[in-house]
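Colleague: I would like to go through this model feature by feature. Please give the general idea each time, then the case at hand.

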Amino acid sequence: MKALVAGGAGFIGSHLIDALLKEGHEVVCIDNFFIGTRANIQYLKGVDNFRFYEQDLTKFDKILNIFEKEKPEYIFHLAANSDIQASAENPMIEYQNTYSTTFNLLECMRRTNVKKLFFASTSAVYGEQMGAEVSEEAVALKPISYYGGAKLGSEAMISAFAYMNDMEVLVFRFPNVIGPRLTHGVIFDFVKRLKADPSHLRILGDGTQSKPYMHVLDLVGAIMRFKDVPAGVSLYNVGVESQTSVTRIAEIVCEKMGLSGIPFEYTGGRGGWKGDVPVFAYDLGKIHAAGWQAEMSSDEAVAKTVEAVI
C-alpha cells in the first residue's frame, strides 16, 4: 500500500510513519513544519519507501500535484494546529491549519479517486461535559475551543465527502496524546520550566484539571489495527479509562527529574486557559467491544513520557 501521511513530521504522524514502514508500506509525507519538526523525520532520510514533501496543505494546487504524481491509496490526515492555546488569540490558525487542510485533502481524494482515509479527531468536539462519560452517539457536541470547532466542522465535511464519493473512513476521537517527540503540552512545558528554573513551578489553573493521557504507541497501534473499514464513516472514541490531574503530572515530572520540595504556584481557576476543558471522561465501550484496549494507564503514559523527554 502507498500511504500519504499529512502532518507526518508531527509528534503522532512520525510515530505512525514508523509503524507503516515497519509493515512494509510505501509512505509519502507532507508537512510544512508549522508544529512538526525536521528532527522528527530526519532519521528517515535515505530510507527506502519513504518520500517527503515540504509543503503547506492549505495550498490546494500544490497538494493536488503531489496526489497526481504519487497516486496514494490511503490518506492518514494528522495535520492540524494541536496547540489549543496558540489559536485562542488567533482563530484563523484553526481555519487554515485544521479545517482547510481537511477540505483540501478531501477534494484531492475526490479528484484522484482515492477512497481510504484516516482522520485524527479529538475529544474537544464534545466540549465541557462536566466529567460525564461521553459516547460516540452523544447528541450535544458543543466544542468550547476554536480547535474543537474546526475538528467538528472537519468531521461534518468528511461525512459528506464519504457519502458522496463512497469513501472508507476511520475517525478516531482521542484525548491528550503523549510520548517521545512531544512538541508542546503540559509535560513539555513543566520540563522546560523546571530546567530553566528549578526553584518553583508555575501551574495554570488550580491543578485539579483531570484528563485521560494516552501514550502515542497505544494510539498508533489502534490506528494500524482498525485502518481497514467498510464504506462510510467508522467512528471511535480512543483513549484510556484512567485520568491524571495536572498536579499529579507536576509531581511525576519532579520525581523523574530528581527534584524534591519544589513549590507549586497555581494561577487559579477551573481551567488553565479560555477553552480548556478542565475535566473529561470517555465512554470507551465501543472500541473495547471491538477487542482493543490501551496497554498503558494514564499515569503510566505520563511517567514513560517524562522519562523520554527529560
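Colleague: Which residues are linked in a network of salt bridges?

Modeller: Side chains of opposite charge can pair when their charged atoms come close. The cut-off used here is a side-chain nitrogen of Lys or Arg within 4 Å of a carboxyl oxygen of Asp or Glu. Lys2, Glu26, Arg51 and Glu70 are linked in such a network. Before going on, note that this is a predicted model, where local features need pLDDT of at least 70 and side-chain atom pairs count only at pLDDT 80 or more, while totals for chains, interfaces and linings use all residues. Residues are numbered from 1 along each chain as its sequence is written, and side-chain values use heavy atoms, with hydrogens and water left out.

Colleague: How many salt bridges does a search of the whole structure find?

Modeller: The search finds 16. One of them joins glutamate 70 to lysine 2, at 3.2 Å from N to O. That pair links distant parts of the chain, since glutamate 70 belongs to helix 3 (residues 60-70) and lysine 2 to strand 1 (residues 2-6), 68 residues apart. Helices (H or I, at least four residues) and strands (E, at least two) are DSSP runs, numbered from the N terminus.

Colleague: Are glutamate 70 and lysine 2 buried or exposed?

Modeller: Buried means under 20% relative accessible area, exposed over 50%, and partly exposed in between (1.4 Å probe, protein chains only). Glutamate 70, at 4%, counts as buried, and so does lysine 2, at 14%.

Colleague: What does arginine 248 form a salt bridge with?

Modeller: Arginine 248 pairs with glutamate 251, with 3.2 Å between the closest N and O atoms, and with glutamate 255, at 3.3 Å. Arginine 248 and glutamate 251 are about one helical turn apart because three residues separate them in helix 9 (residues 246-256). Arginine 248 is partly exposed at 28%, glutamate 251 is partly exposed at 34%, and glutamate 255 is exposed at 51%.

Colleague: In what order do the strands of the open sheet stand?

Modeller: Two strands pair if DSSP finds at least two bridges between them. Seven strands form the sheet in the order 3-2-1-4-5-7-12, with parallel pairing. Strand 3 (50-54) and strand 12 are at the edges with a single partner strand each, so one side of each has no neighbour in the sheet. Neighbouring strands are turned by 15 degrees against each other on average, direction ignored. Axes are lines fitted to C-alpha atoms, for helices over the stretch in contact, and angles run from 0 to 180 degrees between N-to-C directions.

Colleague: Why is strand 7 largely enclosed by the rest of the structure?

Modeller: Six of the seven residues of strand 7 (residues 168-174) are buried, so the rest of the structure largely encloses this strand. Seven bridges join strand 7 to strand 5 (residues 116-122), with phenylalanine 172 as the partner of alanine 120. Six bridges join strand 7 to strand 12 (residues 232-237), where valine 171 stands opposite leucine 235. Helix 8 (residues 216-226) lies across strand 4, strand 5, strand 7 and strand 12, at about 160 degrees to strand 7.

Colleague: How many disulfides does the structure hold?

Modeller: A disulfide is a pair of cysteine sulfur atoms within 2.5 Å, and the structure holds zero. The cysteine sulfur closest to that of cysteine 29 is in cysteine 108, 16 Å away, too far for a bond. Cysteine 29 is buried at 0%, and cysteine 108 is buried at 0%.

How values were computed
Contact means heavy atoms within 4.5 Å.
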